[in-house]
Amino acid sequence: MNDKKKSSVKYPTIEEIPKEFKIEKPIFQDEYLCGGIIKKWTGPRQEVYSPVCINENGKIKRFHLGSYPQLTAKESLEALKSSEEAWNHGRGEWPTMTVEERIKAVSLFVQKMKEKREEIVRILMWEIGKTLKDSRKEFDRTIIYIQDTIDALKNLDRISSRFDISEGVIGQIRRAPLGIVLCMGPFNYPLNETFTTLIPALIMGNVVIFKPPKLGVLLHRPLLEIYRDCFPPGVVNTVYGDGATVIGPLMESGKINVLAFIGSCKVSNILKKQHPYPNRLRSVLGLGAKNPAIILPDADIELAVKEGVLGALSYNGQRCTALKVFFVHKSIRDKFITMFSEAVSSLKIGMPWEEGVDITPLAEDNKCRYMTEYIKDAEEKGARVVNESGGEYFETEFNPAVLFPVKPGMRIYEEEQFGPIIPILEYSDISEPIDYIVSSEFGQQVSIFGKDPEQIAKLIDMLANQICRININSQCQRGPDTFPFTGRKDSAEGTLSVSDALRVFTIRTLVGAKEHDLNKEIINDIVKNHKSKFLSTDFIF
Ligand code: G3H
């Protein structure tokens, strides 16, 4: 492979960055939230360098964004103790609050969070290199998610506010919280995907220990005071630092009731094994994927290219739902590859705040090197980069590479690249992509591009028990958030959507009474005189 170190970006000096996008001074976070107190940390801190490089006296360097605390097992166990006190065996202030009161607290939280939009969006953009447009989208989508969660809970509560009578037994069935939830989100959606578990867990009455991903910590700093002010002490505790140091002791304590984790299957398996009572642990996991695109012979190629590029390269391909391998029928192979490569080469690479930018710096350390190793391995086994400038890189900037022909035996064939490489395979029989999906260790989504309803229907039926979402002439994606988001095999555990999330963080719990006069009198008295928060017919409007 030729040396592909080459930049196509003009790196600005700090003075050249427009004021509205600039981070004026580094963010040295030295606080964490524990027991309702924002505590000062004087121990070691993790330095944070943005993936975005700037020109410092002619040298291109990653911008020093700040630092955050590297807590130890001691602080982590303090967070656990504080969570236990807030939960208090389910009798704490928060878990016993009425649904209406919890909704009020979360509504206040979202209202205050909205005021931090600009600050959070700016840090998010710098911390993980997401385009300004997508950083704003992530923030706004999160706000809508929280508001939709409130509405979904109102609905759920209305349904639960009635009595059922069956076989002579009166019952009121509600969903009760599970206890202490450990929430860990991913770096690619550090705000949104954290909140798609944290908020439903909280609003249902659980208490939360929250550890942000390694990349994507500082953007959460503006929220610490809001957690503190909107929720009772200990209901939200934050921990930062090395996962093995701060998370290991939490899991080993056996006191975590729910693990809400978005990340790799390898890490989730380690965490689950650390828990001494696996039967007491519920896991809600969003894991890896290698979603294929299948381009049928009659596909609308222009549409397949448009959706394919979006699907493969939104946020530089760093999405679990990204299209990570393309199966193209041999009859349209040349046309598809030519059009696809042209579309990829026309993408704008640049700084995240630039108007119309598509491809931005890669967030993870050494990511360009990993991407290059995939290309090298594939090239050694017979593939080549077919798009202009594909695979060229400089510091954190990587030119998306379209690889063809990809074959079994190449690493990129089955490994999840989580970055801007698009492997293309040619197939002659539809059994080839189907077999790929069947034997894959992942089972999240697929995109099928074609026009023939008969063939598409057959594929739907063949694939519906293999994966969890079949997209027709559309890229793979999580949204809309009211749709279930899940996967089979190593792709997920549990289902997340606005309404499903309320269910996964709770357990159905009921009061039952044989239908006789004494019980009817007792229930009537409790309900009419509002003697219980659980056994109640109060209706939230
Ligand atoms: O990383 C995986 C995300 O859940 C993808 O969400 O399809 O909305 O980008 P998205």
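**Figure 1. The second largest pocket of the predicted model holds about 900 Å³ of space.** A pocket is an open set of points on a 1 Å grid over the protein atoms alone, where a 1.4 Å probe fits, with protein on both sides within 12 Å along at least five of seven lines; lining residues have an atom within 4 Å of a point. Grid points are joined across faces, edges and corners, and the volume is the space filled by probe spheres set on the points. The lining counts 33 residues, of which K133, D134, K137, L310 and S314 are the closest to the pocket centre. This is a predicted model, in which local features need pLDDT of at least 70 and side-chain atom pairs count only at pLDDT 80 or more, while totals for chains, interfaces and linings use all residues. Residues are numbered from 1 along each chain as its sequence is written, and side-chain values use heavy atoms, without hydrogens and water.

**Figure 2. Elements and domains around the second largest pocket.** Helices α4 and α10 (301-313) each supply at least two lining residues; helices are DSSP runs of H or I with at least four residues, strands are runs of E with at least two, and both are numbered from the N terminus. The largest share, seven residues, comes from α4. Because domain 1 (73-286) and domain 2 (291-490) both give residues to the lining, this pocket lies between them. Domain bounds come from an automatic or database domain assignment.

**Figure 3. The largest pocket holds about 1300 Å³ of space.** Its lining has 45 residues, and F187, G263, S264, V267 and E364 are the closest to the centre. At least two lining residues come from each of α7 (243-246), β11 (258-262), α9 (265-274) and α12 (367-380), and α9 gives the most, with six. Domain 1 (73-286) and domain 2 (291-490) each provide at least three residues of this lining.

**Figure 4. Helix α2 (residues 99-114) beside helix α4 (residues 132-160).** Their axes, lines fitted to C-alpha atoms over the stretch in contact, come within 11 Å and cross at roughly 170°. Angles run from 0 to 180 degrees between N-to-C directions. The crossing makes α2 roughly antiparallel to α4, a term for angles over 145 degrees. The contact (heavy atoms within 4.5 Å) involves V99, I103, V106, S107, V110, M113 and K114 of α2. On α4, the contact residues include F139, I143, I146, I150 and L153.

Terms used:
Angles under 35 degrees count as roughly parallel, over 145 as roughly antiparallel, 65 to 115 as roughly perpendicular and the rest as oblique.
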